[in-house]
Amino acid sequence: MFSLENKTAVITGGGSGIGQAIAKLFAAQGAVVHVIELYKASADATLAAITAAGGRGTAHECDVSKQEQVVATFAGILSPDILVNCAGIAHVGKADTTSEEDFQRVMDVNVRGTYNCVFAAIPLFREKETGVILNLASIAALVGIPDRFAYSVSKGAIYAMTLSVAKDYMAENIRCNSISPARVHTPFVDGFIAKNYPGRETEMFEKLSKSQPIGRMGTTDEVAALALYLCSDEASFITGNDYPIDGGFVKLNN
Ligand SMILES: NC(=O)c1ccc[n+]([C@@H]2O[C@H](COP(=O)([O-])OP(=O)(O)OC[C@H]3O[C@@H](n4cnc5c(N)ncnc54)[C@H](O)[C@@H]3O)[C@@H](O)[C@H]2O)c1
């Protein structure tokens, strides 16, 4: 079960955190993995780990927010079966403390970036008459998260994009789902704690861990396991759904 032999997977943001864990797991399950990254060095590091473990893949330097770059990158990927949209950025602020520039940047990477990759992948999936798309939404798309205005708006858009894409391409045998993690311990989390709460890193880490009823953050491997299931042939009846992976955050936080 859950074999990805003879499949080609494209993972954006595969140079770090959740995307890196997904890239490694998919390669271990037999997929040829294409890592798309803003930072070539990060993509190369993921590729090195994949090949050291006996897997196969290619590292691509590409800014997902730029459609020309995305289309050119996908043109070099032979016959993909799976697209996982993990590239994303965070932002802390409320509506009145978020600058227009910051709002635009978050929307460009998280929303436009996901759209650009779907835009480039669909014609390739159509040629194969099959395809799977998995988007990284967030619990921020489902419930109000304090001080995460632009980020929540962007993840809500990804949630709606998932439903739209699932409906539009169902007849073409293309499935589309999303995952909504609560806090997962990655460089993404460490980065924004360091940037936004300097000197209070340990206190904030504890606070963010306890915001999940289960009492800790998730791990990237836990998210990768769910991604593997949703992208595998075993999940062939699943489309147009969002899967919280959240230590009880959405339903039990009261
Ligand atoms: N970590 C969490 O707690 C958490 C929770 C819910 C959702 N998510 C989502 O999961 C995804 C991955 O998060 P993570 O924690 O692994 O983050 P991360 O920062 O560890 O990894 C994100 C990767 O995306 C890449 N990236 C950023 N902008 C890019 C661009 N324009 N083009 C190409 N690549 C780009 C970065 O270089 C980085 O390698 C994000 O979409 C995030 O919103 C994370």
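This briefing describes a ligand site, the cysteines and several individual residues of the structure above.

The structure is a predicted model, in which local features need pLDDT of at least 70 and side-chain atom pairs count only at pLDDT 80 or more, while totals for chains, interfaces and linings use all residues. Residues are numbered from 1 along each chain as its sequence is written, and side-chain values use heavy atoms, with hydrogens and water left out. A search of the whole structure finds 0 disulfides.

**Ligand site**

- The shell around the ligand holds 27 residues, of which S16, I18, E37, Y151 and T186 come nearest; a residue is near a molecule or strand if one of its heavy atoms lies within 4 Å of it.
- The side chain of E37 places a polar atom 2.4 Å from an oxygen atom of the ligand, and a polar backbone atom of I18 is 2.7 Å from an oxygen atom of the ligand.
- In the side chain of D63, an N or O atom is 2.9 Å from a nitrogen atom of the ligand.
- The elements that give two or more residues to this shell are α1 (17–28), α5 (149–169) and α6 (187–196), and the largest share, 3 residues, comes from α6. Helices (H or I, at least four residues) and strands (E, at least two) are DSSP runs, numbered from the N terminus.
- By residue class, the shell divides into 17 nonpolar, 6 polar and 4 charged residues. Ala, Val, Leu, Ile, Met, Phe, Trp, Tyr, Cys and Pro count as nonpolar, Asp, Glu, Lys and Arg as charged, and the others, Gly among them, as polar.

**Cysteines**

- A disulfide is defined here as a pair of cysteine sulfur atoms within 2.5 Å.
- C86 has its closest cysteine sulfur in C231, at 9.5 Å, which is too far for a bond. C86 counts as buried at 16% relative accessibility, where buried means under 20% relative accessible area, exposed over 50% and partly exposed in between (1.4 Å probe, protein chains only).
- For C117, the closest cysteine sulfur is that of C62, and the distance of 6.5 Å is again too far for a bond. C117 is buried as well, with a relative accessible area of 1%.

- G19 is part of helix α1 and is buried, at 2% relative accessible area. Leaving aside residues up to four places away in sequence, G19 touches I11, G13, G14 and C86; contact means heavy atoms within 4.5 Å.
- S180 belongs to strand β6 (residues 174–181) and is buried at 0% relative accessibility.
- The side chain of S180 reaches the backbone oxygen of S138 at 3.1 Å. A polar contact is a pair of N or O atoms within 3.5 Å; within protein, one must be able to donate a hydrogen and the other to accept it, and residues adjacent in sequence count only if both atoms are side-chain atoms.
- Apart from residues up to four places away in sequence, S180 touches A137, S138, I139, L142, D242, Y243, P244 and I245.
- Q212 lies in the loop between α7 (201–210) and α8 (220–231), yet Q212 is buried, with a relative accessible area of 2%.

**Segment before β1**

- Most residues other than glycine have a negative phi.
- F2, although not a glycine, has a positive phi of about 65°. F2 is located in the segment before β1 (8–12) and is partly exposed, at 27% relative accessibility.
- N6 also has a positive phi of about 65° without being a glycine. N6 is found in the segment before β1 and counts as exposed at 73% relative accessibility.

**Helix α9**

- V250 is placed in helix α9 (residues 249–252) and is partly exposed at 28% relative accessibility.
- With residues up to four places away in sequence not counted, V250 touches I139, L142 and V143.
- The C-alpha atoms of V250 and A59 are 35 Å apart in space, and the two residues are 191 residues apart in sequence.
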